[in-house]
Amino acid sequence: RQRQMCIRDRPDGGESLEHICARASDFLKNEIEPREKDFSRVMIVAHAALNKALLCHIMQHGIKDFWSDGRLLNCSACIFRLENGHYEMLAYGKTFN
C-alpha cells in the first residue's frame with residue numbers, strides 16, 4: 001500500500017508541498033496582486049503541482065486541501081478574475097478543443 005505524500009516530504013531533488021505553496025503565494029502577493037490594475041489579462045503557465053499551489057492561495061484554503069478537488073488534467077486551464085484584491089473563479093480545469 002502506497003502512503004500519501006506528507007506536506008513536508010521532499011522527493012529527491014524536489015520541493016515539498018509546503019515550499020511550493022509558499023513560493024506560489026509569494027509570487028501572487030509580490031508579482032501579480034500589486035499590479036492588478038496594470039494588466040487586463042495575465043497568463044501563468046506552470047506544472048500541475050505549482051498550479052495547485054497557486055489555487056491554494058487563490059481559493060484561500062490551506063495546504064491540507066492541496067489535492068482536495070482532484071488533479072488537474074494536462075493542458076487544462078483555471079481562469080480567474082482578480083478585482084479589488086479578490087479572486088473570482090470563472091473556470092476550473094477547462095480544456096479547449
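Guide: A disulfide is a pair of cysteine sulfur atoms within 2.5 Å. The model discussed here is predicted.

Visitor: How many disulfides does the structure hold?

Guide: A pair of cysteine sulfur atoms must lie within 2.5 Å to count. The closest cysteine sulfur to that of Cys21 belongs to Cys56 and is 4.1 Å away, so it is too far for a bond. For the structure, the number of disulfides is 0.

Visitor: Is Cys21 buried or partly exposed?

Guide: A residue counts as buried under 20% relative accessible area. Cys21 has a relative accessible area of 13%, and therefore it is classed as buried.

Visitor: Which elements give two or more residues to the largest nonpolar core?

Guide: This core has 13 residues, and those that touch the most other members include Cys21, Leu50 and Phe66. Two or more residues of the core come from each of these elements: H1 and helix H2 (48–58).

Visitor: Which residues does Leu50 touch, not counting residues up to four places away in sequence?

Guide: Contact requires heavy atoms within 4.5 Å. Leaving aside residues up to four places away in sequence, the contacts of Leu50 are Ile20, Arg23 and Ala24.

Visitor: What kind of aromatic pair do Phe66 and Trp67 form?

Guide: The count of aromatic pairs comes to 1. In the pair of Phe66 and Trp67, the centres are 4.7 Å apart and the planes stand at 80°. Planes over 60 degrees apart fall into one class, and the pair is accordingly edge-to-face.

Visitor: What separation do the C-alpha atoms of Asp26 and Leu54 have?

Guide: Asp26 lies in helix H1, which covers residues 17–32. With 41% relative accessibility, Asp26 is partly exposed. Asp26 and Leu54 are 28 residues apart along the chain, and the separation of their C-alpha atoms is 9.6 Å.

Visitor: Which residue in E2 is the bridge partner of Leu82?

Guide: Strand E1 (residues 77–83) and strand E2 (residues 86–94) run antiparallel and are joined by 6 bridges. Within E2, the bridge partner of Leu82 is Tyr87.

Visitor: Which residue takes a positive phi in the hairpin of E1 and E2?

Guide: The hairpin has 2 residues between the strands. A positive phi near 55° is found there at Asn84.

How values were computed. Residues are numbered from 1 along each chain as its sequence is written. This is a predicted model: local features need pLDDT of at least 70, side-chain atom pairs count only at pLDDT 80 or more; totals for chains, interfaces and linings use all residues. Side-chain values use heavy atoms; hydrogens and water are left out. Helices (H or I, at least four residues) and strands (E, at least two) are DSSP runs, numbered from the N terminus. Buried means under 20% relative accessible area, exposed over 50%, partly exposed in between (1.4 Å probe, protein chains only). Two strands pair if DSSP finds at least two bridges between them. A nonpolar core is a set of buried Ala, Val, Leu, Ile, Met, Phe, Trp, Tyr and Cys residues joined through side-chain atoms within 4.5 Å. Rings of Phe, Tyr and Trp (its six-membered ring) pair if their centres lie within 6.5 Å; planes under 30 degrees apart count as stacked, over 60 as edge-to-face and the rest as tilted.
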